[in-house]
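Subject: Structure handover

Hello,

Here is the structure I promised to pass on. Please open it alongside this email and follow the notes below.

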Amino acid sequence: MTYEELMDFDAVMAVYEPVVGLEVHVELNTASKMFCGCSTAFGAAPNSQTCPICLGLPGSLPVINATAVESAVRIGLALNCSIAERCRMARKNYFYPDMTKNFQTSQSDEPLCFNGSVVIELADGESFTIAIERAHMEEDTGKALHVGGATGRIQGAEYSLMDYNRSSVGLIEIVTKPIRGAGERAGEVARAYVTYLRDMIRALGVSDVRMEQGSLRCDVNLSLMPKGSTTLGTRTETKNVNSLRSIEKAVLHEICRQGAILTSGKTVKQETRHWHEDGTYTSPGRSKEHAEDYRYFPEPDLVPVVCPPSWVDELRATIPQAPSLRRAALQAAWGYSPLEMRDVVAAEALDLIEATVAAGCAPQSARKWWMSQLLRQANAREVSLDELPISPQAVAELQNLVDKGILNDNLARTVIEAVLAGEGMPGEIVQARQLGVVNDQATLDEAVAQAIEANPEIADKIRAGKVQAAGALVGAVMKDLGGKADAGVVRELILAKLA
Ligand SMILES: [Zn+2]
């Protein structure tokens, strides 16, 4: 692997305008596949969920999944798209071992949903409008497993295994129009848009939208054009961008890579590139085909899809509120200040806090844990908050232990570290490590007496009325008890003894 030259980001921005295009694939959560009755359940034995239709055997005839069409229309409506009253599926012809039919059933010039737009919000509250070119229906491919190589890629593998369980699971591909005018915020805008899509589609209930499991996948198109120019530059398409954080990174990386190429007088090659999650670099894949290479033609084995306007209107009534409205409602319910809410949204902690509150935690306490210690941990590990190995239920349980006086804040922080280290739920950890606060009066009294005896001058000062000197004795008691005491209670005991 050779690392290509990168140009300083600000230097690129001084000369070029980035143009971003995002293609997002959403795997639908319908019970059966797009054109047959096979189950879509995840994790089944390889090739156990296949039939002649999704294997593309000769003579098999597909029938479109009505629920998948409904899900697609609802996504289109949530993206403010026009919905075609009548559209056809098309064959996209190409050979790849994960697709036995030698073509993918997709849509070409008759997409189901087209000409939409969404308004997204950036972390600082600034809004940005993203125009949607189309959202069309298609089917997923099977999965290849390359065995024997170091990287799991086909290069260097000894052999490959094919699993067609995913073959023909319903997909919706959502394509933006070229996103211009974002300037140096292009990466942020791309990330915020995909976050918006994820939240919106999750609210629709039509997909799990889990990037780490591949039910939401994003390809990032990027080109640079000289500032003031009106001609789009040559774009690259970066594949396998599997987290929200990586979308932003991939945009910034391609800007710096293409900037270096253009500045040195060379031309950018139109190609697909692979994003490497670990190394944060991209490497070239195949050079990009043109649409005409796929020889699209209308699928002869499927009847056209007809969506009567009255049915579309019925579906329109089922579209949940936009994420910005939901945020406003949550902010009011939780009593967060605008600044607190802005930070929560920027940290992508909204869903986590909502789940923590639902598990019985007070909103301000939920915010405190997620936005302080846990956020620091996520940043240190370079993962998003929801990738940390701690659940909202665990955070709610932790706060419950604090509320009951079993943990103080210091001990609670220790328990969080233990949860993150995989030691179990907070209650289990407190038991296993005997971490609870010392509430036993005799133990507390003895520790206080010892501290007074060991520090006679400080004790005299307190007796003489210098109450602020009590801090040193509180510290001594806390040290003696390994931090497992309520400092407020200890202070009161000391003052009472020396009164
Ligand atoms: Zn099947």
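Start with helix H9, where Ala-366, Arg-367, Trp-369 and Trp-370 are buried. What do the buried residues of H9 pack against? Their partners are helix H7 (338-346), H8, helix H10 (373-381) and H11. One caution before you go further: this is a predicted model.

**The whole chain**

Now step back. The chain has 499 residues, and 35% of them count as buried. It holds 17 helices and 16 strands. Along the principal axes, the C-alpha atoms fill a box of roughly 95 × 55 × 55 Å. Look also at contacts between residues at least 6 apart in sequence. Of these, 69% join residues at least 24 apart.

The chain divides into domain 1 (9-316), domain 2 (324-433) and domain 3 (441-497). How far apart are the C-alpha centres of domain 1 and domain 2? They lie 33 Å apart. The contact between these two domains takes eight residues from domain 1 and six residues from domain 2. On the domain 1 side, the residues that touch domain 2 are two nonpolar, three polar and three charged.

**H8 and its two partners**

Go back to the helices. H8 covers residues 350-358, and H9 covers residues 363-371. Their axes are 9 Å apart, and the packing angle is about 135°. That makes H8 oblique to H9, because an angle over 145 would be needed to count as roughly antiparallel. The crossing of H8 and H9 is right-handed.

Which residues meet there? From H8 come Leu-352, Ile-353, Thr-356 and Val-357. From H9 come Pro-363, Ala-366, Arg-367 and Trp-370. By class, this contact has six nonpolar residues, one polar and one charged.

An α-helix has 3.6 residues a turn, so residues three or four places apart point the same way.

H8 also packs against helix H11 (residues 392-403). Here the angle is about 50°, and the axes are 8 Å apart. H8 is therefore oblique to H11. H8 passes H11 in a right-handed crossing. On the H8 side, the contact is made by Leu-352, Ala-355 and Thr-356. On the H11 side, it is made by Pro-392, Val-395 and Ala-396. Five of the residues in this contact are nonpolar, one is polar and none is charged. Leu-352 and Thr-356 take part here, and they also meet H9.

**H11 and H13**

H11 has a further partner in helix H13 (residues 426-433). The two axes come within 8 Å and cross at roughly 55°. That makes H11 oblique to H13. In H11, the residues involved are Ala-394, Glu-397, Leu-398 and Leu-401. In H13, they are Pro-426, Gly-427 and Val-430. The contact divides into five nonpolar residues, one polar and one charged.

**Ile-172**

Next, find strand S10 (residues 170-176), which contains Ile-172. Is Ile-172 buried or exposed? Ile-172 is buried, because 24 other C-beta atoms lie within 10 Å, and 20 or more is enough to count. Set aside its neighbours within four places in sequence, and Ile-172 is in contact with Val-26, Leu-28, Ala-72, Ile-75, Ala-135 and Met-137. For a sense of distance, compare Ile-172 with Ala-394. They are 222 residues apart along the chain, and their C-alpha atoms are separated by 35 Å.

Most residues other than glycine have a negative phi. Two residues are worth a look with that in mind.

Ser-168 has a positive phi of about 80°, although it is not a glycine. Where does Ser-168 lie? Ser-168 is in the loop between strand S9 (159-163) and S10. Ser-168 is buried, with 33 other C-beta atoms within 10 Å.

Val-209 also has a positive phi, near 40°. Val-209 lies in the loop between helix H3 (186-204) and strand S11 (216-226). Val-209 counts as buried because 21 other C-beta atoms lie within 10 Å.

Best wishes

Notes:
Residues are numbered from 1 along each chain as its sequence is written. This is a predicted model: local features need pLDDT of at least 70, side-chain atom pairs count only at pLDDT 80 or more; totals for chains, interfaces and linings use all residues. Axes are lines fitted to C-alpha atoms, for helices over the stretch in contact, and angles run from 0 to 180 degrees between N-to-C directions. Helices (H or I, at least four residues) and strands (E, at least two) are DSSP runs, numbered from the N terminus. Angles under 35 degrees count as roughly parallel, over 145 as roughly antiparallel, 65 to 115 as roughly perpendicular and the rest as oblique. A crossing is left-handed if the near helix is turned anticlockwise from the far one by less than a right angle, and right-handed if clockwise. Two residues are in contact if their C-beta atoms, placed from the backbone, lie within 7 Å. Ala, Val, Leu, Ile, Met, Phe, Trp, Tyr, Cys and Pro count as nonpolar, Asp, Glu, Lys and Arg as charged, and the others, Gly among them, as polar. Domain bounds come from an automatic or database domain assignment. A residue is buried if 20 or more other C-beta atoms lie within 10 Å of its own, exposed if 12 or fewer, and partly exposed in between; C-beta atoms are placed from the backbone.
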